[in-house]
Amino acid sequence: MPSTSFEDHDDAPIHVFDLPQIHTKPAPQVLLDTLSLLTSQPPSWDAGDTEEADASANALAKRRRRSNAFRPPPARVDEAGLTRYLTNIIGSDLQWIDDDATKEEIWEQVSLRLSERSGRNAMPAMSRSFRVPTAERDVKITIHEPTLTADNLGLKTWASSYMLAKRLHTIPTPSGLTPDFPVLELGSGTGLVGIAAAAVWGASVTLTDLPEIVPNLSRNIDANQATIQAGGGSASAAVLDWSMSDEISPFTLGSSPFDANSSSAGFPIILAADSLYSPEHPRLFVQTIKRWLRQSADARVIVELPLREAYSPEIKDFKERMQDIGLHILDQSEEVGYDDWGWNNSGRSGQQKVNCWWSIWGWQ
Ligand SMILES: C[S@@+](CC[C@H](N)C(=O)[O-])C[C@H]1O[C@@H](n2cnc3c(N)ncnc32)[C@H](O)[C@@H]1O
């Protein structure tokens with residue numbers, strides 16, 4: 001019989017690395033068992049001594065006998081890392097699992113675990129205001145966040161995007177550009193960074209993301225038109241899937257500055273926040289940067305990422321790939337931001353600290 005309450009466990013949160021990692025291609029039942037044990041409502045090993053609880057406990061015990069790689073059910077998991085762990089599963093095509101129904105069941109269970117952890121998911125859609133400094137004053141950017149659905153992480157605003165939005169006014173932009181110079185944002189989500197860039201720099205920003213994210217992105221651009229125009233900038237939304245990095249709509253990009261044969265092809269600045277949370281992301285993200293960054297000495301990539309331990313391999317991979325394509329870090333530092341996504345260590349939803357790393361890259 002397993003321990004039946006959270007209080008029975010010691011206080012240290014379990015690290016997500018102690019859970020079966022998706023890159024090791026765990027057996028479907030191992031994933032389903034783990035997802036069952038991660039239920040954040042009274043979980044199956046909790047007080048309700050149902051048959052289901054016993055089945056889960058037995059499955060876990062069996063697995064522990066088979067392998068030492070997995071620890072007992074966590075009293076408390078590092079919830080911030082857990083959100084990433086769950087989204088990693090959703091982002092995987094689970095190609096080693098033959099049965100489509102089993103795959104669907106796994107994705108469904110992950111969606112449920114994410115929903116349970118989203119205090120905000122239970123809430124109706126909401127709009128929030130962010131104060132962003134410019135050289136002269138603060139501007140207010142209003143961001144609409146629809147109810148979060150499954151894996152659509154771009155429907156919420158993440159800590160590092162607010163940190164980057166607030167940092168923009170301190171970052172020198174390449175000299176010699178027209179006032180409304182073009183900027184590309186990758187993985188814009190709700191659009192806070194791109195909208196801020198248009199308002200703070202007076203730039204012409206193309207905010208991009210996956211097709212399902214773009215409608216809310218457009219909505220947020222429209223809602224902040226007055227602020228963008230007051231800053232002398234402009235903004236538009238477009239689909240740009242990093243796995244198909246050539247497929248940004250030519251209509252959105254206009255023609256002349258993006259003529260592939262022109263020396264001014266590409267964007268002099270690319271922005272991104274919180275864009276690496278699956279093993280494939282560094283490769284896809286960097287190949288997209290390579291495709292769209294202007295080949296000029298003053299071209300810049302400005303990225304801010306949360307420093308989640310579970311995702312340090314992605315950050316390492318990102319740095320190596322950036323260097324491989326000829327980019328190097330010109331400036332970087334760490335800072336602390338706040339997020340109201342996920343649950344804190346006492347198991348309640350609320351604000352939590354997020355350590356973030358920002359970096360500015362240029363061609364070598
Ligand atoms: C964690 S969210 C960050 C959103 C926003 N930058 C922020 O910080 O609030 C990651 C974003 O990357 C986008 N994304 C993930 N994979 C992508 C891909 N293959 N192509 C384009 N965007 C992608 C997601 O849709 C999502 O909007």
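Mentor: Two strands pair if DSSP finds at least two bridges between them. Strands here are DSSP E runs of at least two residues, numbered from the N terminus. This is a predicted model; local features need pLDDT of at least 70, side-chain atom pairs count only at pLDDT 80 or more, and totals for chains, interfaces and linings use all residues. Residues are numbered from 1 along each chain as its sequence is written, and side-chain values use heavy atoms, without hydrogens and water.

Trainee: Which residue in β2 does F130 stand opposite?

Mentor: Start with the strands. β1 covers residues 126-133 and β2 covers residues 138-145; they pair in the antiparallel sense over eight bridges. R131 has K140 as its bridge partner. F130 stands opposite I141.

Trainee: How many residues lie between β1 and β2 in the hairpin?

Mentor: The two strands run antiparallel. Together they form a hairpin, and the residues between them number four.

Trainee: Which residue places a polar side-chain atom 3.1 Å from a nitrogen atom of the ligand?

Mentor: Look at polar contacts (pairs of N or O atoms within 3.5 Å). G187 uses a polar backbone atom, 2.8 Å from a ligand nitrogen. W242 also uses a backbone N or O atom, at 2.9 Å. The side-chain atom at 3.1 Å belongs to D241.

Trainee: How many charged residues are in the shell around the ligand?

Mentor: Charged means Asp, Glu, Lys and Arg. The shell also has seven nonpolar and seven polar residues. Its charged residues number four.

Notes. A polar contact is a pair of N or O atoms within 3.5 Å; within protein, one must be able to donate a hydrogen and the other to accept it, and residues adjacent in sequence count only if both atoms are side-chain atoms.
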